[in-house]
Amino acid sequence: MKKSILFTISVLSFLNASAQTSLPADSGTFFLHKFAQQIGKETYVVHKYKDAIQYNIDFKFVDRGSPVPLKAELKVNPVNDPLELTIKGSTSRFSKVDDKITIRGGEATIRVNDSSYTQKVSPPSFTVAGYSPGTVQQVLLQYWKKQHEPATIRTLPFGSVQIKKEGTDELSFNGKSVSFDRFTISGLVWGNELIWADNKGNLICLITNDAEGDKLEAMRTEYEALLPQLISKAAVYGMELFTKATGQSTATDETIAITGGTLYDVVTGTSIPDAVILISKGVIVRTGKAGSLTIPAGVKVIDAKGKTILPGLWDMHSHFEQAEWGPVYLAAGVTTVRDCGNEFEYINAIKNAIDSDKGIGPNILKAGIIDGKGQKALGIIQADTKEEAIKAVDRYKENGFVQIKIYSSVKPEIVKIICDEAHRLGLTVTGHIPNGMTLQQGVDSGMNMVNHIQYVYSIMKRNADKSVDFNDPQSIAVIDFIKQHHVVIDATVGVYELAFRNLKDDITLLEPAFYNLPMPLQALFKNMGEEPEQANKFKPLFASLKQAVKKLYDAGVPIVAGTDMGFPGYSLDRELELYVEAGLTPAQAIKTATIIPAAVMKMDKQTGSVEAGKQADLVIIDGDPVKNIRDIRNVSVVIKGGRIYDPVKLHQMVGFAK
């Protein structure tokens with residue numbers, strides 16, 4: 001990833017020469033964005049020969065200070081049949097690609113890293129190695145049209161894609177109306193990419209996800225001003241793709257009776273066997289033991305015999321990067337998420353779609369991200385002055401955000417200004433501890449909550465092996481400070497487990513459902529981790545991160561379960577399992593994903609437990625997670641706001657095996 005990318009001398013000479021002159025008319029440049037912030041660009045130069053068209057592509061962005069460079073050379077014949085693709089470089093801060101595919105006489109010679117092989121190939125087939133560069137997707141789209149729009153195109157070195165024309169959008173641009181065709185491409189990343197192209201098949205905008213799961217946009221430079229409109233449209237269109245699954249839900253005004261299961265009360269820690277729960281118009285009407293209340297005639301009855309009934313689960317560290325997260329969260333029993341920083345237009349459109357029944361997904365609590373300026377800044381909402389800070393907080397409040405998230409580049413003196421304005425408006429503040437500050441300083445400046453256990457670990461007394469001495473007065477003082485200041489900790493332990501895992505270990509030890517994931521997600525996660533020697537060095541550190549959760553919980557510090565993405569949906573299950581490994585009981589772990597987050601978000605009067613008068617957000621589990629936390633994975637039925645969902649169908653909608 002840090003090495004330069006070397007091509008042949010002739011290609012380098014060509015690129016250097018092209019940099020000194022204007023690009024040919026059929027060449028182009030895209031600006032690359034993350035969190036709507038322009039972080040790099042992709043330029044392609046077209047070179048035409050008698051029997052081939054060659055695209056030389058230079059792709060590079062800088063993500064939070066880390067360069068992500070990629071170069072590629074694509075050759076096709078005059079009718080867009082693929083001849084050769086060479087691609088080498090980085091596709092995210094944590095992933096690399098080094099592929100070459102050559103097609104001659106119906107046979108492909110394929111090299112992926114150090115592995116080489118040949119295979120027969122027949123149309124429709126195309127050479128493409130993931131989401132980047134966008135130019136390759138442009139030519140793929142043109143090839144699809146030349147091939148009379150086949151339902152599936154085989155992709156080399158592996159996989160396949162499905163392309164569909166979804167419609168045409170009329171947009172206002174520079175006082176005029178412009179028209180672009182809209183397409184979805186599935187198979188290169190998890191879920192659907194959205195592409196807008198002109199009538200010649202030239203890519204105008206690509207909205208996709210990079211190789212670490214973050215949303216990324218490529219926008220043809222001359223149409224850069226259209227990006228906010230297209231980001232908002234991408235959210236709406238992405239959600240609409242799932243509303244077609246009309247068999248997923250039941251009308252919220254229908255009366256539902258759940259019978260026969262064991263209802264677990266997360267508030268009192270007691271269980272009601274053979275329980276009955278009555279739901280009407282999206283609200284829990286009554287709960288009790290069978291025989292203690294009458295089930296009205298003609299209601300919909302859900303038999304939960306042998307199962308456990310819990311409140312809907314919360315993920316307190318979500319990044320709702322694409323529409324597919326909606327169904328997958330619900331499939332895992334997650335009915336509420338706190339989105340910890342997103343593109344302003346995107347998350348507003350996503351939440352609006354779900355709340356207006358035009359999309360499928362959990363309840364979303366929006367935390368608006370604010371960063372400082374600088375090379376490592378994230379997003380376009382940045383504040384380095386008092387005026388900028390107040391304006392940013394006010395904008396979030398006006399648009400229905402319930403919290404502010406501070407990011408790593410905010411200046412220490414600006415943190416207090418953000419917190420003061422947020423508190424004045426009735427918002428709480430969470431986030432990273434900015435560079436140059438300690439957790440104590442962040443809390444003294446007004447932060448109510450902290451994302452990531454690393455910020456607790458970093459101020460404790462550490463041993464030579466990077467473990468924490470929890471008996472040292474320094475470590476004891478840290479826990480006491482957090483307790484006394486009523487700080488909420490969103491630990492995200494699973495993120496560190498994934499980052500520190502031994503690459504030689506079976507990944508199903510972390511995620512037993514790993515092979516249910518769509519292939520692009522399997523490829524994404526398979527290479528996350530460390531080589532054995534380095535992974536072993538991280539073991540004492542990771543053990544201390546888990547132990548810190550136990551120490552904090554025992555001290556009375558509110559711990560809320562959050563995942564920061566990870567394995568979609570399943571990652572919350574893993575977070576709770578890690579809390580139990582740390583020493584929490586399964587019942588305590590379940591509270592971190594139900595009543596505790598509801599309480600810290602001041603919503604425990606409406607949700608967070610299964611009680612009369614509260615929102616009908618429930619999950620029915622096949623098994624007893626109060627005794628065996630791994631049973632939390634066995635979701636049988638999900639009810640959100642009185643609407644019933646089948647987790648198997650939800651998973652199938654977004655490409656999971658089940």
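Which residues lie nearest the centre of the largest cavity? They are N192, L194, Q322, A323 and Y346, out of 15 lining residues. This is a predicted model, in which local features need pLDDT of at least 70, side-chain atom pairs count only at pLDDT 80 or more, and totals for chains, interfaces and linings use all residues. Residues are numbered from 1 along each chain as its sequence is written, and side-chain values use heavy atoms, without hydrogens or water.

**Cavities**
- The structure holds two cavities of 30 Å³ or more (a cavity is a set of points on a 1 Å grid over the protein atoms alone where a 1.4 Å probe fits but cannot get out; lining residues have an atom within 4 Å of a point).
- The largest cavity has a volume of about 140 Å³ (the space filled by probe spheres set on the points, which are joined across faces, edges and corners).
- The second largest cavity holds about 60 Å³, and its lining includes F35, N342, E345 and Y396.

**Overall build**
- The protein has 17 helices and 33 strands (DSSP runs of H or I, at least four residues, and of E, at least two, numbered from the N terminus).
- Its radius of gyration, taken over C-alpha atoms, is 26 Å, close to the 26 Å that the globule rule (2.2 Å times the number of residues to the power 0.38) gives for 658 residues, so the protein is as compact as a globular protein of that length.
- The C-alpha atoms fill a box of roughly 85 × 60 × 55 Å along the principal axes.

How values were computed. 1 Å grid on protein atoms, 1.4 Å probe; cavity = no way out; pocket = protein on both sides within 12 Å on 5 of 7 lines; lining within 4 Å.
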